[in-house]
Every structure is written in C-alpha cells, then in structure tokens.
Amino acid sequence: MKQLKYIIGVIMFLSACSLAANPLLKNRKKDKAMEAYKQGNYSAALSIWSSSIAKYESRHKERKCSVYTLAGIAAYRLNKTDQARNYFEHARNGISENAQTFWYLAKIYRKIDNLSLEIDALENYLKKYPHGTNIQQVKKRLLFTYVESENWDNFLNLWKIIPASSKDSLTYQQAFLSAQAGLNHVGKADSVATSILKVYPEDRPAMAWKANKYYTLAENLYESEMKAYKKHKTRAQYARLLKAFDVVSANFKRALIYYRKLYKMHPTTLFANRLGTIYMRMDEKPKAQYYLQMAKKLKN
C-alpha cells in the first residue's frame with residue numbers, strides 16, 4: 001500500500017513538472033497576456049507578466065526576460081509608476097529593451113521631476129533608436145531639457161539635426177534665443193529676438209532680451225562716464241559726459257518701451273526695479289518712487 005502511494009506521488013510530481021515545462025502551456029499564457037494587453041485589460045496582462053518576471057528574477061536571469069518592457073507599459077497605464085520604472089530599468093540592455101523602454105522611462109522621470117535621468121533616457125533613445133516612432137518628440141523634448149539644464153553645447157549639437165520646418169516655430173525660436181543668450185552670443189541673440197518680434201510683437205522672452213540689452217548698454221555707459229567725470233572734473237570731461245548722456249537717454253527710452261509692456265503683462269520685482277532705475281536716471285522721481293515701492297511689495 002505504501003509502495004502504491006509512493007508510485008502515485010511520483011507520477012503526479014512528474015506530470016506537474018511536465019506541464020510546467022510544456023512550451024505549449026507557456027505560449028498559451030503569453031498569448032493570453034498579449035490578448036488582454038491589446039484589449040486594454042492591463043491588469044490581467046500585468047498579472048501574467050509579473051508572474052513570469054518573478055521566475056526569471058528568482059533564477060537571476062533578468063536579461064533573458066522578454067516581457068519587462070510590456071509589463072512596464074501595462075504598469076504605467078495602471079498608474080503604477082514605481083513598478084513601471086522598476087520594469088523599464090530592468091529592461092535596459094536586455095532582450096526586452098526597445099525604443100519604448102526609453103520613451104516611457106523619460107516620461108516617468110519627467111513625472112517624478114528628475115531632469116538628469118530624463119535627459120539620460122532621451123539621449124539613449126536618440127543614440128540607440130534614431131528611427132524610432134517617437135524620435136521627433138524625443139528630439140524636441142531633449143532640446144528643451146538642454147535649455148532647462150543650461151547645457152548649451154549639447155543644445156547646439158542637437159539643433160543641427162532638428163528639421164528646418166520645426167525651427168521657425170515660436171517655441172523653437174525661444175529656445176534658440178535662450179541658448180544664444182546663455183552662450184553670450186549677443187549679436188546672434190539680438191538677431192533672433194528681432195526676428196521673433198517681427199512675427200510675435202508681444203513675445204515676452206524676446207522683449208525681455210531687448211529690454212535688458214538696451215538697459216545694460218545705458219546703465220553701463222552712465223556708470224562709466226559718471227565715474228570718469230567724478231575723477232576728472234574738467235570741461236572736456238563734462239562735455240564728454242553730456243554727449244554720453246544723449247546715448248544713455250536714447251537707450252533707456254528704448255528699454256522703457258519694453259519694460260512697460262513686460263510689467264503690464266507680468267509684474268515682477270526685476271521689471272519694477274528696472275523701471276524705477278530708468279525713471280530715476282531720467283529725473284522723473286514720482287514715477288521712479290512708485291516703481292521702486294512696487295518692487296519692494298512684489299519682493300515681499
């Protein structure tokens with residue numbers, strides 16, 4: 001009797017092993033998961049794929065697991081961000097890696113506000129999958145991450161491969177202006193700002209560039225000439241000071257046009273301070289005091 005029970009147990013064990021190793025059974029599970037995924041039943045698909053992933057991980061064979069990216073997308077669709085991130089990060093450099101791996105990783109890193117990791121994911125997409133479905137979106141987003149991180153050299157390198165048809169749009173031109181200003185390419189930045197304002201006369205970044213340009217020119221000249229006059233109070237120096245004031249006044253007036261518009265559109269401490277300083281230099285004290293007081297209020 002004991003021998004019979006032992007034989008039955010062995011048969012049942014071998015049958016179970018046979019079923020587990022049955023490739024047809026495995027394929028049916030894969031098909032079932034994919035069918036659920038295609039139908040939008042991400043929960044069912046994720047359940048099957050997670051089970052499969054657990055088996056690979058228990059044997060330390062993550063690189064050979066082919067469903068990490070699919071499972072990551074399913075988890076992402078279900079707003080399971082941490083689980084999705086884990087699966088996508090495991091997918092990298094394994095047989096599961098594809099363009100979608102880095103596309104979704106970039107989206108997740110942006111969601112959790114990790115700019116450096118987002119840039120890394122986007123750069124990997126661009127490098128490994130230059131013909132991927134989302135390549136144009138990747139290029140655009142990567143370009144703006146370079147603006148956010150002030151990585152101007154990488155910006156200019158990427159700018160070279162951006163389609164010409166896209167470069168004329170306002171958002172791209174604003175980004176290009178930021179890069180030229182960041183690199184202190186004054187002439188080029190001014191040219192870009194001028195081009196933007198011809199088409200979009202109320203564009204804030206371009207107006208801010210122009211306002212700062214004329215303000216800086218005026219203020220620097222005012223300070224240097226006043227310093228020179230205080231050091232050498234001669235008739236010749238005074239005549240030079242008066243001549244310089246004509247240029248200073250002209251540039252302050254140009255800056256004033258832009259700062260008035262900018263302040264009206266978006267009052268900030270910087271704009272109020274600049275308006276106060278300009279009016280002070282132009283000897284319009286009531287206006288100067290008004291804007292300088294507003295600057296203090298905005299700061300608080």
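This is a predicted model: local features need pLDDT of at least 70, side-chain atom pairs count only at pLDDT 80 or more; totals for chains, interfaces and linings use all residues.
Let's start at M294, which sits in helix α16, the helix covering residues 285–299. If we set aside neighbours within four places in sequence, M294 is in contact with Y263 and A272.

The average pLDDT for the protein is 90, and 91% of the residues score at least 70.

You'll find M34 in helix α2, residues 23–38. M34 has a relative accessibility of 27%, so M34 counts as partly exposed. Beyond its neighbours within four places in sequence, M34 is in contact with W49 and L70. M34 and S58 are 24 residues apart in sequence, with 23 Å between their C-alpha atoms.

Take L177 as our example. Which residues does L177 touch, not counting those up to four places away in sequence? They are A189, V192, A193, I196, P205, A206 and W209.

Next, a serine: S50, in helix α3, which runs over residues 42–58. Is S50 buried or exposed? Its relative accessible area is 19%, and the cut-off for buried is under 20%, so S50 counts as buried. What does its side chain meet there? A polar atom of the S50 side chain lies 2.7 Å from the backbone oxygen of L46. The side chain of S50 is also joined to the side chain of Y87 by a polar contact of 3.1 Å. Leaving out neighbours within four places in sequence, S50 is in contact with Q83 and Y87.

On to the rings. This model has 19 aromatic pairs. One of them is W159 with F176, a stacked pair with centres 4.6 Å apart and 10° between the planes. This pair links distant parts of the chain: W159 is in helix α9, residues 152–159, F176 is in helix α11, residues 170–182, and the two are 17 residues apart. W159 counts as buried because its relative accessibility is 10%, and F176 is buried too, at 11%.

For another geometry, look at Y290 and Y291. Their ring centres are 5.0 Å apart and their planes meet at 80°, so this pair is edge-to-face. Y290 is partly exposed, with a relative accessible area of 43%, whereas Y291 is buried, at 15%.

Coming back to W159 and F176, ring pairs link both of them into a cluster with F144, F155 and Y172.

The charged end of R59 sits over the ring of Y56, 5.4 Å from the ring centre.

Technical notes
Residues are numbered from 1 along each chain as its sequence is written. Side-chain values use heavy atoms; hydrogens and water are left out. pLDDT is the predictor's confidence in each residue, from 0 to 100. Contact means heavy atoms within 4.5 Å. Helices (H or I, at least four residues) and strands (E, at least two) are DSSP runs, numbered from the N terminus. Buried means under 20% relative accessible area, exposed over 50%, partly exposed in between (1.4 Å probe, protein chains only). A polar contact is a pair of N or O atoms within 3.5 Å; within protein, one must be able to donate a hydrogen and the other to accept it, and residues adjacent in sequence count only if both atoms are side-chain atoms. Rings of Phe, Tyr and Trp (its six-membered ring) pair if their centres lie within 6.5 Å; planes under 30 degrees apart count as stacked, over 60 as edge-to-face and the rest as tilted. A charge sits over a ring if NZ of Lys or CZ of Arg is within 6 Å of the ring centre and within 35 degrees of the ring normal.
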